[in-house]
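Hi,

Here is the structure I promised to pass on.

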Amino acid sequence: MSDTPFGFGLPPEEPDDGDEGKKKDQQSGGGQGPANPFGFGGLPGAGGFGAPGADNPFAAMFGSLNPNDLGAAFQQLGQMLSYEGGPVNWDMAKQIARQTVSQGTADGTKDASVGPAERTAVQEAVRLADLWLDDATSLPSGAGSAVAWSRAEWVEATLPAWKELVDPVAERVGTAMGDVLPEEMQAMAGPLIGMMRSMGGAMFGTQIGQAVGVLAGEVVGSTDIGLPLGPAGKAALLPLNIEAFGKDLGVAQDEVRLYLALREAAHQRLFTHVPWLRSHLFGAVDGYARGIKVDTAKLEDVVGQFDPQNPEQLQDALQQGMFQPEDTPEQKAALARLETALALVEGWVDAVVHAAAKPRLSSADALRETLRRRRASGGPAEQTFATLIGLELRPRRLRDASRLWASLTDARGVDGRDGLWAHPDMLPTASDLDDPDGFVHREQLDFSELDKMLGEAAQKPDLKKKDADADADKDDKDDDTE
C-alpha cells in the first residue's frame, strides 16, 4: 500500500536519465511531501508553498509544470471538487485501482494480458474440479463458464460488489459531515459542506481504489474473501497471481491451479444453488454498517479546522479510521451473524474441497493449510477495508466451521449436510460452533409434522367459513318456516 494513499498524482514513471533524473526531480521539489497540500505526487517540478513563486497560489500549488502535466493536475482536482454523485466517487476509485494495478506488486510483478494457453488451462482446471466435486457435494455445478482474468479485469468485474459493500458506511460519513455543524450554521456553510462532501467522496474513492488495486495483486479468484464479487455463475481465476501464490510452495503448478479451481467451483455451487445466500451475506454487512457510528469528536475537529487548501485533513481522518461499532446487543448480534455466515461459507468450502482433493492430490493437506493461514492473516488491502468500513471480512472461526461440516457429513451424509442450506434458519449458529458435536447429534427436526400443522391451520379459515354459511342457511330456513 502506498505511503500516500490519497496522492492524486500521475503514475510514477522512470526518468529518461535514470538515477540522475531522480535526483534532479527530488531537488526540484517533485514527488510527495507535506509542502504539497493536494498531494499531486509524481508531477515533475511541483513545488510547495515555500518554493519560488509562493506568492502565486497556482505556482505554489503546482510549481513549474509543463502544459500537459498542469492539465492533468487540474483535471484531477476538478474531478475531486465537482463530484456530485453518491458517497464514494467510484469513477475515481476505478481510475486509481487501474493505476495501482499498472504499477505492479511489491515483488516487481507487472500485470499482463492472459494468453490463450492460460485461458485453456483455467477452463480445463475448472472442468476437472467440477467433476471431482460431484462426489463431494449434492449441489450441482454452478459455473456456467470459466474465465481467466488479468488483475485489471478483476478490478473491472468486482467494483459493483465493492460499491454495494462500501456505500452504506460511506453514506454515514457524508451525512455526519453536515450534522456536526450547528443547525444555524448549516445554511450559511452550504457551499463548504458541499465541497467537503465532494472531497470526501473523492478521498473515499481514492482509498478504496488503492485497496482494490492492491487486492487485485493478491487474489487468485473471484471468491477469495468469501463473498461473490464477480458475475453470477462465472468461475474466475487469475493465472498471474496463481503463479506467484505457488512459487515457493514446492508444489507443481498444475496441482496448485487445480486446488484453487476446486475452491472457486465450490463457491460457485454454493452461491448459485442457495439463492438466498448472497443477499443474506450482503445484508449482514449492511446490518453491521447501520450500527457503526462515526467518531463525531474527531470529525468536529476536522470540520472546525477545515482548510480548503489542505484537504489532507480529511485524508488523515479517513486513514486513521472514524468508525466505532456501537456496543449494543443489536450490533453484537449483527457482528455475530456476519462472522458466523462467513465462517459457515468458508468452512463448507474447506470441508468439501478437502473431501474432493484428499484422495486425488498428494499436496492437498499442504495446500489446505496454506489457504487457511492466508485467510486467517489477511493482507494489507484487507486491513485498509477494515479501517475504512470498520469491518474485517475474515472468517474467524473457519476451522470450527470446517470441523462441524465434516462431522455432519459423517453423521448425516452429503445430502443431509447440504440440505441445511435450504433455509437460513436451519444453519448452525455461533453457539453451535462452540458445541459442534451437540449440533451434529441433535435429533433432526421432522418437518413433515410442521407441514401438517401448517396445512391444518390454512384449512381452518375455510372450515369456519363453511360453518358460518351453514348457520346462515339454517337461519334462512327457519325464517321461511315461520
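Helices (H or I, at least four residues) and strands (E, at least two) are DSSP runs, numbered from the N terminus.

Two housekeeping points. This is a predicted model, so local features need pLDDT of at least 70 and side-chain atom pairs count only at pLDDT 80 or more, while totals for chains, interfaces and linings use all residues. Residues are numbered from 1 along each chain as its sequence is written, and side-chain values use heavy atoms, with hydrogens and water left out.

The overall picture

The protein chain has 20 helices and 4 strands. Of its 482 residues, 47% count as buried (buried is under 20% relative accessible area, exposed is over 50%, and partly exposed is in between, with a 1.4 Å probe and protein chains only). Take the contacts in the chain with a separation of 6 or more: 76% of them are between residues 24 or more positions apart. Contact means heavy atoms within 4.5 Å.

Helix packing

The axes of α10 and α15 come within 11 Å and cross at roughly 60°. That makes α10 oblique to α15; angles under 35 degrees count as roughly parallel, over 145 as roughly antiparallel, 65 to 115 as roughly perpendicular and the rest as oblique.

Salt bridges

A search of the whole structure gives 21 salt bridges, each being a side-chain nitrogen of Lys or Arg within 4 Å of a carboxyl oxygen of Asp or Glu.

- Arg 263 and Glu 346 meet through their side chains at 3.4 Å, N to O. Arg 263 lies in helix α10 (residues 253-273) and Glu 346 in helix α14, so this pair ties together parts that are 83 residues apart in sequence. Both residues are buried.
- Glu 156 bridges to Arg 98, with the closest N and O atoms 2.6 Å apart. Glu 156 sits in helix α6 (residues 151-179) and Arg 98 in helix α4 (residues 90-102), so to speak a link between distant parts of the chain, 58 residues apart. Glu 156 is partly exposed at 34% relative accessible area, and Arg 98 is partly exposed at 36%.
- Asp 135 bridges to Arg 360, with the closest N and O atoms 3.1 Å apart. This pair links distant parts of the chain, 225 residues apart: Asp 135 is in the loop between α5 (116-133) and β1 (145-148), and Arg 360 is in the loop between α14 (329-357) and α15 (364-377). Asp 135 is exposed, at 60%, whereas Arg 360 is partly exposed, at 35%.
- Arg 397, Asp 400, Arg 403 and Asp 434 are linked in a network of salt bridges.

Is Ser 402 buried or exposed? Ser 402, in helix α17 (residues 398-418), counts as buried because its relative accessibility is 2%. Its side chain makes a polar contact with the side chain of Asp 350 at 2.6 Å. (A polar contact is a pair of N or O atoms within 3.5 Å; within protein, one must be able to donate a hydrogen and the other to accept it, and residues adjacent in sequence count only if both atoms are side-chain atoms.) Leaving out residues up to four places away in sequence, Ser 402 touches Gly 347, Asp 350, Ala 351, Arg 368 and Arg 372.

Ser 279, found in helix α11 (residues 277-290), is exposed, with a relative accessible area of 52%. A polar atom of the Ser 279 side chain lies 3.0 Å from the backbone oxygen of Trp 276.

Cheers

Terms used: Axes are lines fitted to C-alpha atoms, for helices over the stretch in contact, and angles run from 0 to 180 degrees between N-to-C directions.
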